[in-house]
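Please take a look at the chain shown here. A short report follows it.

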Amino acid sequence: MTSISRLTALVLLAAITFATLSPVQMRPHLGEANMERALAYALFGLALAFGFRARLMHAMLFVCAAAGLLELLQAVDPGRHARLQDALVKAAAGVIGIALARIVFAVASRAVDRSAGPRI
């Protein structure tokens, strides 16, 4: 499961990088731009959290750094614009994805504890 999650995170990072840095006409359009950003980064954060379960703080720092760096790299392309608001939406969505994974971990842990039966 960990290897699949790490591979998924890598593929999502590649897709996010392509969508962020490619010309606007090459970018996939699924809906409203902020919703696309939020969904992509939430899934990225979720995959990172499942892939690096013991390093959730590192995952949060990485998703925020990736959001900031990719947004900053848009300033190089004259057809794109780098905005702090977009970077904040992306980083927040990534952290929300990690938080959702943390909730899943807590619920799963409780379910395992209950299924173990009474302690003697």
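## Basis of the model

This is a predicted model, in which local features need pLDDT of at least 70 and side-chain atom pairs count only at pLDDT 80 or more, while totals for chains, interfaces and linings use all residues. Residues are numbered from 1 along each chain as its sequence is written, and side-chain values use heavy atoms, with hydrogens and water left out.

## Overall fold

The protein chain has four helices and zero strands. Its pattern along the sequence is α-α-α-α. Helices (H or I, at least four residues) and strands (E, at least two) are DSSP runs, numbered from the N terminus.

The C-alpha atoms fill a box of roughly 70 × 25 × 20 Å, taken along the principal axes. The chain has 120 residues, and buried residues make up 30% of them. Buried means under 20% relative accessible area, exposed means over 50%, and partly exposed lies in between (1.4 Å probe, protein chains only).

## Helix 1

Helix 1 covers residues 2-21, 20 residues in total. From first C-alpha to last, helix 1 reaches 28 Å, close to the 28 Å expected at 1.5 Å a residue. The expected span is 1.5 Å times one less than the number of residues in the helix.

Which residues of helix 1 are buried? They are Ser 5, Ala 9, Ile 16, Ala 19 and Thr 20. These residues cover an arc of only 95 degrees around the axis, which puts them on the same side of helix 1. The arc is that of the directions from the helix axis to the C-beta atoms. The face turned away from the buried side carries the exposed residues Ser 3, Ile 4, Leu 7, Leu 10 and Val 11.

## Helix 3

Helix 3 has 18 residues, which should span 26 Å at 1.5 Å a residue. Its end C-alpha atoms are 25 Å apart, which agrees.

The buried residues of helix 3 are Leu 56, Ala 59, Val 63, Ala 66, Ala 67, Leu 70 and Glu 71. Seen down the axis, they fall within an arc of 120 degrees, so they line one face of helix 3. On the other side of helix 3, Met 57, His 58, Leu 61 and Leu 72 are exposed.

## The largest pocket

The largest pocket has a volume of about 530 Å³. Of the 26 residues that line this pocket, Ala 19, Arg 27, Glu 36, Arg 37 and Ala 40 are the closest to its centre. On a 1 Å grid over the protein atoms alone, a pocket is an open set of points where a 1.4 Å probe fits, with protein on both sides within 12 Å along at least five of seven lines; lining residues have an atom within 4 Å of a point. Grid points are joined across faces, edges and corners, and the volume is the space filled by probe spheres set on the points.

Helix 1, helix 2 (33-51) and helix 4 (84-115) each supply at least two residues of the lining. Helix 2 gives the most, with eight residues. By class, the lining has 13 nonpolar, five polar and eight charged residues. Ala, Val, Leu, Ile, Met, Phe, Trp, Tyr, Cys and Pro count as nonpolar, Asp, Glu, Lys and Arg as charged, and the others, Gly among them, as polar.

## Salt bridges

How many salt bridges does a search of the whole structure find? It finds three. A salt bridge is a side-chain nitrogen of Lys or Arg within 4 Å of a carboxyl oxygen of Asp or Glu. The side chains of Arg 37 and Asp 86 meet in one (3.4 Å, N to O). Arg 37 lies in helix 2 and Asp 86 in helix 4, so the pair ties together parts that are 49 residues apart in sequence. Arg 37 is buried, at 18% relative accessible area. Asp 86 is buried too, at 2%.

Lys 90 forms a salt bridge with Glu 71, with the closest N and O atoms 2.5 Å apart. This pair links distant parts of the chain: Lys 90 is in helix 4, Glu 71 in helix 3 (residues 56-73), 19 residues apart. Both Lys 90 and Glu 71 are buried. Arg 83 and Asp 86 also meet through their side chains in a salt bridge (3.1 Å, N to O). Arg 83 is partly exposed, with a relative accessible area of 40%. Salt bridges that share partners join Arg 37, Arg 83 and Asp 86 into one network.

## A loop residue

Ala 82 sits in the loop between helix 3 and helix 4. Ala 82 is partly exposed, with a relative accessible area of 35%.
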